[in-house]
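Please keep the sequence and the model in view while reading.

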Amino acid sequence: MKLNHINLVVTNVAEVIHLFQTCFGFSVAEIKGDNIVAVLKGTDGFTLVLMVDKDQIVAYPKAFHIGFMQDNIEAVNEMHEKLKTFGADVGDQPKKIRDSFGFYFTFQNIMIEVGHYIEADQI
């Protein structure tokens with residue numbers, strides 16, 4: 001069974017659309033209302049639904065995050081630079097984290113991981 005969509009609640013749908021289009025290659029399939037709900041499609045057909053919280057209260061559990069695993073370490077470093085250029089606060093350089101090489105950052109209360117699964121001898 002394949003996970004094929006997720007719905008994320010955000011405070012500003014337009015800003016999050018811009019991040020996912022610019023940095024992660026999503027395209028807009030539909031926008032409802034004045035950026036109240038947006039349906040984005042990933043390059044692999046994954047559907048990401050963004051929905052505004054009218055009360056502006058968005059809180060996810062502490063460890064909740066979404067991840068974009070890359071094909072190699074170089075791609076992780078490139079994404080880090082791309083996100084910095086975009087203006088996202090990505091923090092320090094990517095590093096070894098458990099069984100991967102990558103980094104986490106938060107954008108509108110959504111924790112996002114960018115990483116690459118590594119073998120023990122790769123770093």
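In which sense do S6 and S7 pair, and over how many bridges? S6 and S7 pair in the antiparallel sense, over three bridges. Here two strands count as paired if DSSP finds at least two bridges between them. Strands (E, at least two residues) and helices (H or I, at least four residues) are DSSP runs, numbered from the N terminus.

The model is a predicted one, in which local features need pLDDT of at least 70 and side-chain atom pairs count only at pLDDT 80 or more, while totals for chains, interfaces and linings use all residues. Residues are numbered from 1 along each chain as its sequence is written, and side-chain values use heavy atoms, with hydrogens and water left out.

**The sheet**

An open sheet is formed by four strands in the order S5-S8-S7-S6, with mixed pairing. S5 and S6 (95–97) are the edge strands, each pairing on one side only. From one strand to the next, the twist averages 45°; axes are lines fitted to C-alpha atoms (for helices, over the stretch in contact), and angles run from 0 to 180 degrees between N-to-C directions. Strands of a sheet pair through backbone hydrogen bonds, either parallel or antiparallel. The pairs are listed below.

| Strand pair | Sense | Bridges |
|---|---|---|
| S5 and S8 | parallel | four bridges |
| S6 and S7 | antiparallel | three bridges |
| S7 and S8 | antiparallel | eight bridges |

Glycine 102 in S7 is the bridge partner of lysine 95, and glycine 102 also stands opposite glycine 115 in S8. Isoleucine 66 has isoleucine 112 in S8 as its bridge partner.

Two hairpins connect strands here. The hairpin of S6 and S7 has two residues between the strands, and its arginine 98 takes a positive phi near 50°. In the hairpin of S7 and S8, also with two residues between the strands, glutamine 108 takes a positive phi near 50°.

Of the eight residues of S7, six are buried, that is, under 20% relative accessible area with a 1.4 Å probe and protein chains only.

**The largest pocket**

The largest pocket holds about 400 Å³ of space. A pocket is an open set of points on a 1 Å grid where a 1.4 Å probe fits, with protein on both sides within 12 Å along at least five of seven lines; lining residues have an atom within 4 Å of a point. The lining has 16 residues, and Phe26, Asp44, Phe46, Gly67 and Phe68 lie nearest the centre. Strand S5 (residues 66–69) gives the most to this lining, with four residues.

Note on methods:
Points joined across faces, edges and corners; volume = space filled by probe spheres on them. Buried < 20%, exposed > 50% of the residue type's maximum accessible area, 1.4 Å probe, protein only.
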